[in-house]
Amino acid sequence: MAMAFLSRLNLQEILQTLSVLQWVPVYIFLGAIPIILIPYFLVFTKFWMVSVLALAWLAYDWNTHSQGVCPVSELALKYLLTQKGSGNAVVIVVGGAAEALLCHPGASTVFLKQRKGFVKVALKTGAYLVPSYSFGQNEVHNQETFPEGTWKRFFQKTFQNTFKKILGLNFCTFHGRGLIRGSWGFLPFNHPITTVVGEPLPIPKIKKPNKETVDKYHALYINALRKLFDEHKVQYGLSETQELTIFGSCSHWPFTYCLHPGGHYQPFTLPGFSWTGRPQSKILKTKDLSPEHNYLMGVHPHGLLTFGAFCNFCTEATGFSKIFPGITPHLATLSWFFKIPFIRDYLMAKGVCSVSQPAIEYLLSHDTGNLVGIVVGGVGEALQSVPNTTRLILQKRKGFVRMALQHGAHLVPTYTFGETEVYDQVLFHKDSFMYKFQSYFRQILGFYFCIFYGRGFRQGSTGLLPYPLPIVTVVGEPLPLPKIENPSQEMVDKYHALYMKALTKLFDQHKTQYGCPETQKLLFL
């Protein structure tokens, strides 16, 4: 029986999997030696002197990496560029670990568009910038990536994210050739690698370079690198039409961490929405969003599970990146979710961020093209989520307007038609025990204990699956706001009123198209 089972498997796939995973136990073993043996020798054996000598050497050698073979830290780079005379060449792999995941045969992709720190260091020290490109670097191994939308791909991404966060490296599943001809293994393929070193780009020495100067020389460096690539690509095996692709913002990262309080976005087709009879989620654009601005988007209504916002802004299920090119969405949610292992990694992988002031301010103040979505009604609005209702908790929710004013972010109203229709909820009277329990539950955990139901797996049965009804998120026209560091209450009230007016207009324009009667009104609580 076992042989019959193995005969049905792809033997090549088995060997390939073993070859690409063989380095995992090696890393574990090498890491376990110092972590386990040094404390063990120190406490439980008579060879404690070995541990003492090892720790003493570690303490003595602690900063050596900043003065020789150096880390990519500003301290180490400045030491080499200012303290050891001239003639030093510091080599930085600018794309870093993120670029490793873009490494495939035939690819010519570099992660450079937003990587400008090395230019700033060069300006501070007056060091020349030298572009270089290694032809053949991507050809010596094959990297394995499971198909998008599959459960294998989901777990591959999750594991790579966790691995990157802990060790700062990307867990790449790759293989080359083995010791025997035609076999799979860890050895690189026999392919030439040629590093072409370009012409140095003179840089002035500026103690405190401003952003415009950094951007100027960063653009000159990119142009020089493109020129270098184009001049030599045909000579080293690439076609005349091959172009150097330069990636930049987090929205282009295929599956790696963006280490800041706002999470890290990864385009992903949500496998959980692939069942038959699923809610048909859709996003409707009424106006373009320019990547030159940042946006604070109000998400309405909350619903029970916020299906529309999650599908449209946290996954590529509805093609957000094609509808709004250059925009990176971040949906904000409760902070305590990010204290739970695995859940936090899953949410951060979708670009979800904490609905805290530091996280949102970070996204609105770093670069442009960021879209932060806030479910303004919050968990309180979840108890209002019953079919055929359009009640929003918004009348006194003005903090998001104040934050938008402080950063000059445009306000974007959205309304998701069908969000409250996919589940039925059991509501309790305010004097009942269950309502008091729900309120107490919220005080402890931050959200309501809602009792709801949908359909089951069988026709006509009751269960927890949502009803197969359309969910359409309509994204309204951005409302430009001035940048005011300390906006007055009158100013906040003014733009809050304009936002509610824009949201009402958006709802009225599309309500009949998506199943609401002409007489239906948007009610603000």
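Colleague: Why is the crossing of α13 and α14 called right-handed?

Modeller: In this predicted model, the crossing of α13 and α14 is right-handed, a name used because the near helix is turned clockwise from the far one by less than a right angle. Helix α13 (residues 357–365) and helix α14 (residues 399–407) pack at about 35°, their axes being 10 Å apart.

Colleague: Which residues make the contact of α13 and α14?

Modeller: From α13 come Gln 357, Ile 360, Glu 361, Leu 364 and Ser 365, and from α14 come Met 403, Gln 406 and His 407. Sorted by class, the contact has three nonpolar residues, four polar and one charged.

Colleague: Happy with that! Now the sheet: why is one side of β3 and of β5 left without a neighbour?

Modeller: The open sheet has the order β3-β4-β5, with antiparallel pairing. β3 (142–143) and β5 (184–185) are at the edges and each has a single partner strand, so one side of each lacks a neighbour in the sheet.

Colleague: How do you know that β3 and β4 pair?

Modeller: Pairing calls for at least two bridges, and two bridges join β3 to β4 (residues 174–177), so the pair qualifies. Within it, Asn 142 stands opposite His 175 in β4.

Colleague: What makes up the lining of the largest cavity, by class?

Modeller: Seven polar residues, two charged and one nonpolar. The lining includes Pro 301, His 302, Glu 381, Arg 391 and Thr 420.

Note on methods: Residues numbered from 1 in each chain as written. Predicted model: local features only at pLDDT ≥ 70, side-chain atom pairs only at ≥ 80, totals over all residues. Heavy atoms only, no water. Axes fitted to C-alpha atoms, helices over the stretch in contact; angles between N-to-C directions. Helix = DSSP H or I, 4+ residues; strand = E, 2+ residues; numbered from the N terminus. Contact = heavy atoms within 4.5 Å. Nonpolar A, V, L, I, M, F, W, Y, C, P; charged D, E, K, R; others polar. 1 Å grid on protein atoms, 1.4 Å probe; cavity = no way out; pocket = protein on both sides within 12 Å on 5 of 7 lines; lining within 4 Å.
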